[in-house]
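Subject: Structure handover

Hello,

Here is the structure I said I would pass on. My notes on it follow below.

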Amino acid sequence: MRSIVQPGPPALERVQWVEARGRAFTFTLEAGLPLLQAARRGFAREGFASGTLNIRSGALGPFSYVMPALSKTGENAAFYSDIFRPPGITRLQLGAMTLGQRDGAPFFHCHALWTEADGHPGGGHILPEETVVAEPFTVEAFGIDGAVFAAEPDQETNFKLFGPVRRMATSAGTTARAFALRLRPNQDFAWALEAFCRERGITRARVRGGVGSIIGAHFTDGRVVEPFATEMAVSTGSIAKAASGALEAELDVSLIDYLGGLAVGRLTRGDNPVLMTMELVLEEVG
């Protein structure tokens, strides 16, 4: 399986996780608000400070983003491009967001694919500080109680990355057992989720959110993304028993690579290792 040498020593714990409780809900992002503020308000109304979003459509403007890029200094295995600020309204197609905290304040990590006002298709990492909701749109959310995603320095990748940390549970209404996860580099995305569930006796789970990167991509229909640096979002994901009785993950994703190539499809199990990080929530399904 492919792997990338990271600048720092690998952490012994390859899956960072916190058990929590959670609940799915939908809400509408308010036009005219910064995307971060609109997302935070939607979660706060339901009693949550952290969780995930899945985006099926939407309109943003002003809009700012970066793409994956090669590292110019060698201090990271890959890096970000310069900032792009396309004019007009950008129409989202697919995306995922992790809402949490950075330096004690609300923050998000969001990857998506979109079409810009001039018809140019694009994708990448949306910048919270410079992006505004242009028109109201509805998102699928999952709030977590008892954990929060917090951005902390990561020695292995030399980035400040979201990972789950414990928080005192609140009175937020929840409906399911949930696990906030961060997968570390150079382990297959599907196999890591399958092993995590197997070790805890979980026979069915749903992926909520899902933001990160993998080393290129191999899809079940035979397509291959060769450029190694990507930004990826999970559109749908599940872990369940196959006909053989073994747990198998089905992960449908969208991504952009550092050369600007876009891809959407189902990942092949055992052939899609994490590049930098993969953050998500697993909801146990009864």
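F179 is buried, at a relative accessible area of 1%; buried means under 20%, exposed over 50% and partly exposed in between, with a 1.4 Å probe and protein chains only. Please note that this is a predicted model, in which local features need pLDDT of at least 70 and side-chain atom pairs count only at pLDDT 80 or more, while totals for chains, interfaces and linings use all residues. Residues are numbered from 1 along each chain as its sequence is written, and side-chain values use heavy atoms, with hydrogens and water left out.

Aromatic pairs

Rings of Phe, Tyr and Trp (its six-membered ring) pair if their centres lie within 6.5 Å; planes under 30 degrees apart count as stacked, over 60 as edge-to-face and the rest as tilted. By this rule there are 17 aromatic pairs.

One of them joins Y65 and W114, edge-to-face, at 4.6 Å centre to centre and 65° between the planes. Y65 belongs to strand β4 (residues 65-66) and W114 to strand β8 (residues 105-115), so the pair links parts of the chain that are distant, 49 residues apart. Helices (H or I, at least four residues) and strands (E, at least two) are DSSP runs, numbered from the N terminus. Y65 and W114 are both buried.

F179 and F196 also form an edge-to-face pair, with 5.4 Å between centres and 80° between planes. Here strand β14 (residues 176-183) supplies F179 and helix α2 (residues 189-199) supplies F196, 17 residues apart. F196 is buried, at 3% relative accessible area.

Elsewhere, ring pairs link F25, F27, F43 and F48 into a cluster.

Charges over rings

A charge sits over a ring if NZ of Lys or CZ of Arg is within 6 Å of the ring centre and within 35 degrees of the ring normal. The charged end of R200 sits over the ring of F196, 3.7 Å from its centre. R102 does likewise over the ring of F107, at 5.4 Å from the centre.

Two polar residues

T98, in strand β7 (residues 90-102), is buried at 0% relative accessibility. Its side chain makes a polar contact of 3.0 Å with that of E279 (a pair of N or O atoms within 3.5 Å; within protein, one must be able to donate a hydrogen and the other to accept it, and residues adjacent in sequence count only if both atoms are side-chain atoms).

D252 lies in strand β19 (residues 247-257) and is buried at 18%.

Regards
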